[in-house]
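User: I am new to this structure and would like to learn how to read its features step by step. Could you take me through them?

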Amino acid sequence: MKSANMAGSSPLQQRELDDENESSSSSMRTAETILRLLPMGLCVVALVIMLNDSQTNEYGSLSYSDLGTFRYLVHANGICAGYSLLSAIVAAVPHPITMSRAWTFFLLDQVLTYVILAAGAVSMELVYLAYKGDTAVTWSESCGSFGGFCHKASASVSITFIVSLCYAGLSLLSSYRLFSKYDAPVGFYNNKGGIEIANY
């Protein structure tokens, strides 16, 4: 019945349906492009704050480059900013999403999500130790002497966690886009128990 209705539809109705699908696809493409550009801006902000994070006073000098964890944070934000820009450009180009493209976005989004989340987590631990210290290993807090350094580091780490949330959203989007291309498994009924069993 449905196929008969589709076959009997006029060219005008078919054109309106095509225009509606194209408009929906265009708005989805625009939303995805914006969602991919947002973490790029946040990554650049976190990167710039950390690159400018250094302080010199009567106790000595301290810079982000003195700590390997913060260097990793800088590199992770730089990589994610570059990927966000590149993926936004690819997402903005209007062409059909192939299976290989969907898999590429899915895998890269997953990897970058874990990279930026790891950078934020280890940096947050270092900031916590800088504020609180660790008496078990006789590591005293340093933010009392280098307050400006700690404030900038905290701001950069906080922004990095917001980037992690953006990438989690992108991962969900690319997962949905990839797995919606697969058909659901066809079920059949077992005559003995009347139970529906998925047929893979």
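This is a predicted model: local features need pLDDT of at least 70, side-chain atom pairs count only at pLDDT 80 or more; totals for chains, interfaces and linings use all residues.

User: How many helices and strands does the chain have, and in what pattern do they follow one another along the sequence?

Analyst: The secondary structure comes to five helices and four strands, and reading along the sequence gives the pattern α-α-β-β-α-α-α-β-β. Of the contacts in the chain with a separation of 6 or more, 72% are between residues 24 or more positions apart, and buried residues make up 30% of the 200 residues.

User: How far apart are the end C-alpha atoms of helix α3, and what span should its residues give?

Analyst: Helix α3 covers residues 68-92, and because each residue is taken at 1.5 Å, its 25 residues should span 36 Å, which agrees with the 36 Å between its end C-alpha atoms.

User: Which residues of α3 are buried?

Analyst: The general idea is that an α-helix has 3.6 residues a turn, so residues three or four places apart point the same way. In α3 the buried residues include Phe70, Leu73, Val74, Asn77, Cys80, Ala81, Ser84, Ser87, Ala88 and Ala91.

User: Which residues have the most contacts inside the largest nonpolar core?

Analyst: In soluble globular proteins, nonpolar side chains tend to be buried together. Here the largest nonpolar core has 25 residues, and those with the most contacts inside it are Met50, Phe70, Cys80, Ile116 and Tyr167. The elements that give two or more residues to this core are α2, α3, α4 and α5, with α3 giving the most, seven residues. Leaving aside residues up to four places away in sequence, Met50 touches Tyr64, Phe70, Leu73, Val74, Ala153 and Ser156.

User: Which residues line the largest cavity, and which element gives the most to the lining?

Analyst: The count comes to one cavity of 30 Å³ or more, and about 40 Å³ of space lies in the largest cavity. Its lining is formed by Glu32, Arg36, Ala102, Phe105, Leu173, Ser174 and Arg177, which divide into three nonpolar, one polar and three charged residues. Helices α2, α4 and α5 each supply at least two of the lining residues, and α5 gives the most, with three.

User: Is Ser174 buried or exposed, and what does it touch?

Analyst: Ser174, which lies in helix α5, counts as buried because its relative accessibility is 4%, and the cut-off for buried is under 20%. Apart from residues up to four places away in sequence, Ser174 touches Phe105, Phe106 and Asp109.

Methods
Residues are numbered from 1 along each chain as its sequence is written. Side-chain values use heavy atoms; hydrogens and water are left out. On a 1 Å grid over the protein atoms alone, a cavity is a set of points where a 1.4 Å probe fits but cannot get out, and a pocket is an open set with protein on both sides within 12 Å along at least five of seven lines; lining residues have an atom within 4 Å of a point. Grid points are joined across faces, edges and corners, and a volume is the space filled by probe spheres set on the points. Ala, Val, Leu, Ile, Met, Phe, Trp, Tyr, Cys and Pro count as nonpolar, Asp, Glu, Lys and Arg as charged, and the others, Gly among them, as polar. The expected span of a helix is 1.5 Å times one less than its number of residues. Buried means under 20% relative accessible area, exposed over 50%, partly exposed in between (1.4 Å probe, protein chains only). A nonpolar core is a set of buried Ala, Val, Leu, Ile, Met, Phe, Trp, Tyr and Cys residues joined through side-chain atoms within 4.5 Å. Contact means heavy atoms within 4.5 Å.
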